[in-house]
Amino acid sequence: MSAGSRSDRGPALSVVPDLPSPEETRWLDDDQQASWRALVLGTQLLMDRLDDELHEHGLSLAEYEIMVRLSASDEGCMRMARLADSLAHSRSRVTHTIARMEKAGLVQRSTSPEDGRGIVASLTPDGWARLREAAPTHVTGVRGHLVDLVSAEDLQAVGRVLNAVADHLIGDHPEREIRQGCDQEA
């Protein structure tokens, strides 16, 4: 077979279990397609901008989110596996990011105080200071690039839509649930 043949690209859709055939697929209409593309583009641009703005504090958006998760935990620390799950990132990605943050003096890793077996991450005093410094920038960005651009009703509609999506998908990954206690966090 030549390069790019069916065997090189994987199985045909009709042989993949649980996927409808092209004839059975409920394709998006023009309005649905436009809304979907707006969601994809808007979300990517928003996350990229928020990430860029945090760079003035020497942080990426991923690092900031790790710091928020750690600051919100009841114990002041979080097991590495739980942290990865809550971020919907691979454990290796979180380990790599935490290592970089540890080198910068923002977090520290230690054995779990509960059982001494697991590894937990916690913010250092410098990490807390950096989080307090960066939070206004992040919240200002969330307001300026999203919240203040739309009506309260539209923002609530976005929240309802994305909560419906999360409710539908969270069953497969309940460890990723972070919506409780986030009333004050952006």
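Arg143 is partly exposed, at 43% relative accessible area. The cut-offs: buried is under 20%, exposed is over 50%, partly exposed is in between, with a 1.4 Å probe and protein chains only. Salt bridge here means a side-chain nitrogen of Lys or Arg within 4 Å of a carboxyl oxygen of Asp or Glu.

A word on the source. This is a predicted model: local features need pLDDT of at least 70, side-chain atom pairs count only at pLDDT 80 or more, and totals for chains, interfaces and linings use all residues. Residues are numbered from 1 along each chain as its sequence is written, and side-chain values use heavy atoms, without hydrogens and water.

Back to the pairs. The whole structure has four salt bridges. Arg109 and Glu102 form one of them, with closest N and O atoms 2.8 Å apart. Arg109 is partly exposed at 30%, and Glu102 is partly exposed at 29%. Glu65 pairs with Arg69 at 2.6 Å. Both lie in helix 3, four residues apart, about one turn. Helices are DSSP runs of H or I, at least four residues, and strands are E runs of at least two, numbered from the N terminus. Arg69 is buried, at 12%.

Now the core. The largest nonpolar core has 25 residues. That is a set of buried Ala, Val, Leu, Ile, Met, Phe, Trp, Tyr and Cys joined through side-chain atoms within 4.5 Å. Leu59 and Tyr64 are among the members touching the most others. Helix 3 gives the most, six residues.
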